[in-house]
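Visitor: I have not seen this structure before. Please take me through it with a few questions and answers.

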Amino acid sequence: MLSREDREYDKRVRSLKQHKKKRKLSKDNDDKNDLQTLKKIRQDKVELVETTLKEKNSKQKLFIYGNYNRYYGYRNQSTHDGRLDSWNHQWFQGKDCLDIGCNDGHLTIEIAKKFNPNTIVGIDIDASLITRARSNITRINSTKNHQFPISFGICHGPIVDTCNDDSTLYPRNILFKQENYIKESMESINEEKPLYDVILCLSLTKWIHLNWGDEGVKKLFKRIFMNLRHDGILILEPQSIESYKKKKRLSATFRKNFDEIKLMPDQFNDYLLSEEIGFSSCQTLPIPNDAVKGM
Ligand SMILES: C[S@@+](CC[C@H](N)C(=O)[O-])C[C@H]1O[C@@H](n2cnc3c(N)ncnc32)[C@H](O)[C@@H]1O
């Protein structure tokens with residue numbers, strides 16, 4: 001028989017156990033709730049990061065043609081482009097030139113000013129860059145005319161650009177137009193006319209290669225050859241294959257074209273001199289000190 005004290009004691013122990021059990025249950029529930037809240041917060045965070053990235057990607061242009069909108073700010077530390085230093089005045093003076101992939105026209109304008117070609121046409125696949133290139137000429141015109149009041153021209157005859165006395169045509173010798181230089185078919189390329197004495201193809205071949213593969217590069221070179229007059233000059237600045245590697249991740253097309261490349265940049269010279277294209281000689285120019293690797 002249990003004494004009254006023992007029974008009382010048992011009762012208290014049971015009640016304590018029950019209380020403990022209840023507390024454990026509620027703690028488990030609390031823990032569960034906490035875990036769910038944490039998971040939810042984490043999920044929200046992931047979703048937030050994903051949306052931000054998606055928004056960023058849709059806002060951010062991928063520049064799949066190398067059509068960077070701050071290209072020259074990055075490439076040239078000063079307003080002068082060091083590539084021009086190794087070029088010969090005579091190649092351009094009084095000649096008709098084409099600059100393929102001219103971006104916002106910074107270099108095209110510098111050539112037009114420094115070397116005084118008869119004409120220089122800058123083309124780019126990106127219409128917004130061509131709009132900027134055109135407005136760059138408008139700006140040059142307005143700053144030029146700003147030096148004299150209009151009445152000065154009326155009283156004293158046409159105003160010459162005093163900043164550049166030997167350049168009589170500049171900036172009227174520049175024309176910018178939007179165009180994809182890579183044509184659909186080889187047949188249409190074979191009908192191209194010889195319109196230029198000098199063609200510039202600078203930091204462009206990587207973008208042609210990644211977008212249109214070896215076929216694109218072959219079309220590019222063939223069209224350049226067809227567009228050049230007898231004794232014409234191609235100034236080519238190819239990017240190294242090393243510089244393709246970072247960009248190949250931008251799209252499945254890039255990766256596929258990269259993986260299938262057979263005509264490597266270091267084979268371009270031989271290919272241009274081969275019967276397939278037809279150039280007669282080639283010369284390597286010095287690399288400027290301020291050169292930026294593979295843009
Ligand atoms: C890296 S930038 C080089 C700019 C300039 N040639 C230079 O070296 O200072 C390449 C330019 O080529 C243009 N481009 C790419 N593919 C082209 C194509 N198929 N036809 C015309 N322009 C193209 C791009 O829009 C871009 O502005």
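**Around the ligand**

Visitor: How many nonpolar, polar and charged residues does the shell around the ligand have?
Guide: The model is a predicted one. Sorted by class, the shell around the ligand has 2 charged, 6 polar and 14 nonpolar residues.

Visitor: Which residues come nearest to the ligand?
Guide: There are 22 residues around the ligand. Those that come nearest are Y65, G66, N67, G101 and L202.

Visitor: Why is strand β1 described as largely enclosed?
Guide: Strand β1 covers residues 96-100. It is largely enclosed by the rest of the structure because, of its 5 residues, the number buried is 4.

Visitor: In which sense does β1 pair with strand β2, and which residue of β2 does L98 stand opposite?
Guide: β2 covers residues 119-124, and its 5 bridges with β1 are in the parallel sense. The residue of β2 opposite L98 is V121.

Visitor: What is the hand of the crossover from β1 to β2?
Guide: Between β1 and β2 the chain passes through α4, which makes a β-α-β crossover. Its hand is right-handed.

Visitor: Over how many bridges does β1 pair with strand β4, and which residue stands opposite D99?
Guide: β4 spans residues 196-202 and pairs with β1 in the parallel sense over 4 bridges. In β4, the residue opposite D99 is L200.

Visitor: Which residues of helix α4 are buried?
Guide: Helix α4 runs over residues 106-115. Its buried residues are L107, T108, I109, I111, A112 and F115.

Visitor: Which residues touch the most other members of the largest nonpolar core, and which element gives the most to it?
Guide: The largest nonpolar core has 38 residues, and C97, I199 and C201 touch the most other members. Elements that each supply at least two residues include β1, α4, β2 and β4. The element that gives the most, with 7 residues, is α8.

**A residue in a loop**

Visitor: Where does P265 lie, and is it buried or exposed?
Guide: P265 lies in the loop between α10 (252-259) and α11 (268-273). It has 20 C-beta neighbours inside 10 Å, and 20 or more is the cut-off for a buried residue. P265 therefore counts as buried.

Visitor: How far apart in space are P265 and E237?
Guide: In sequence, P265 and E237 are 28 residues apart. Leaving aside neighbours within four places in sequence, the contacts of P265 include P238 and Q239. From C-alpha to C-alpha, P265 and E237 are apart in space by 9.9 Å.

Definitions and conventions:
Residues numbered from 1 in each chain as written. Predicted model: local features only at pLDDT ≥ 70, side-chain atom pairs only at ≥ 80, totals over all residues. Near = placed C-beta within 6 Å. Nonpolar A, V, L, I, M, F, W, Y, C, P; charged D, E, K, R; others polar. Buried ≥ 20, exposed ≤ 12 C-beta atoms within 10 Å, placed from the backbone. Pairing = 2+ DSSP bridges. Right-handed = clockwise from strand over helix to strand, strands pointing away. Core = buried A, V, L, I, M, F, W, Y, C linked by C-beta atoms within 7 Å. Contact = placed C-beta atoms within 7 Å.
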